[in-house]
Amino acid sequence: MVHIGNSWDDILAEEFRSSWYMQLREFLKYEYSHYRVYPDMYDIFNALKYTDYYSVKAVILGQDPYHGAGQAHGLCFSVREGVPPPPSLNNIFTELHNDLGVPIPRSGELTKWAQRGVLLLNTVLTVREGQSNSHRGKGWEQLTDAVIAKLSARERPMVFILWGGNARAKKPLIDMSRHLVLESAHPSPLSAYNGFFGNRHFSRTNAFLSQHGIEPIDWDLCN
């Protein structure tokens, strides 16, 4: 069974015991044994492993993992050290620099954000090589919706950052009387100029956290 290694194990125990999750596991066993699937099976739950339930200050929602070799490692928008940042991630770094003035990092690995309280969650956690959305509708959405709902139920406020249509569709799961929801276009080159650039989501996140007595996030990956 799944062992994340922190409070998520108890919080998601019911989901991991459900019949739909068992069906998802059987699907994944077949996919990993017959195709090249990303991320590596040991990296699937990295978002939850790096960011404990009680440590979450902000949530960034992605769609599904990068489907190219060596890119995905279980954190949305992130690529491993040494892998060139994809265009969407470059646009995220540009907005971050314009918003907070932090330097644009050389590496596209966002593990430091995860360790600082940013849950980097894709709504679907696996993908077949070269086939975007190939694992959509297989059960992952039920699990990640449960993650969002469990976080929404938490008393301590946080920020949900929703970029693009797929992420914004999760808004009904969030208690907006308690948490801040920030929405904009997706950072991909096709849509970044339609509302992503200039959204100032990084500074707005930190302003909200400060207002609620929570230490702001250090977004500078060069630190």
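View 1. Strands pair here if DSSP finds at least two bridges between them. Helices (H or I, at least four residues) and strands (E, at least two) are DSSP runs, numbered from the N terminus. A word on the model: it is predicted, so local features need pLDDT of at least 70 and side-chain atom pairs count only at pLDDT 80 or more, while totals for chains, interfaces and linings use all residues. Residues are numbered from 1 along each chain as its sequence is written, and side-chain values use heavy atoms, with hydrogens and water left out.

**View 2. Strand E2 runs parallel to both E3 and E5.** You can count 5 bridges from E2 to E3 and 4 from E2 to E5. On the E3 side, look for Ile60 opposite Leu120. On the E5 side, Ala58 has Val159 as its bridge partner, Val59 faces Phe160 and Leu61 faces Leu162. Which residues of E2 point the same way as Ala58? Ile60 and Gly62 do, while Val59 and Leu61 point the other way. Since 5 of the 5 residues of E2 are buried, it is largely enclosed by the rest of the structure. Buried means under 20% relative accessible area, exposed over 50%, and partly exposed in between (1.4 Å probe, protein chains only).

**View 3. Strand E5 pairs with E6 in the parallel sense over 5 bridges.** Here Val159 stands opposite Leu180 in E6. Val159, Ile161 and Trp163 point one way from E5, Phe160 and Leu162 the other. With 5 of the 5 residues of E5 buried, this strand too is largely enclosed by the rest of the structure.

**View 4. Helix H9 covers residues 201-211.** Its buried residues are His201, Phe202, Ser203, Thr205, Asn206, Phe208 and Leu209. What do they pack against? Their partners are strands E2, E5 and E6 plus helices H5 (87-100) and H6 (111-115), where contact means heavy atoms within 4.5 Å. Just after H9, Gly213 takes a positive phi of about 70 degrees.

**View 5. The largest pocket has a volume of about 490 Å³.** On a 1 Å grid over the protein atoms alone, a pocket is an open set of points with protein on both sides within 12 Å along at least five of seven lines, and lining residues have an atom within 4 Å of a point. Grid points are joined across faces, edges and corners, and the volume is the space filled by probe spheres set on them. Of its 32 lining residues, Gln63, Asp64, Pro65, Tyr66 and His186 lie nearest the centre. Strands E2 and E3 and helix H8 (165-168) each give two or more residues to the lining.

**View 6. The second largest pocket has a volume of about 370 Å³.** It is lined by 14 residues, with Tyr21, Arg25, Met41, Ile44 and Phe45 closest to its centre. Helix H3 (residues 19-34) gives the largest share of the lining, 5 residues.

Definitions and conventions
On a 1 Å grid over the protein atoms alone, a cavity is a set of points where a 1.4 Å probe fits but cannot get out, and a pocket is an open set with protein on both sides within 12 Å along at least five of seven lines; lining residues have an atom within 4 Å of a point.
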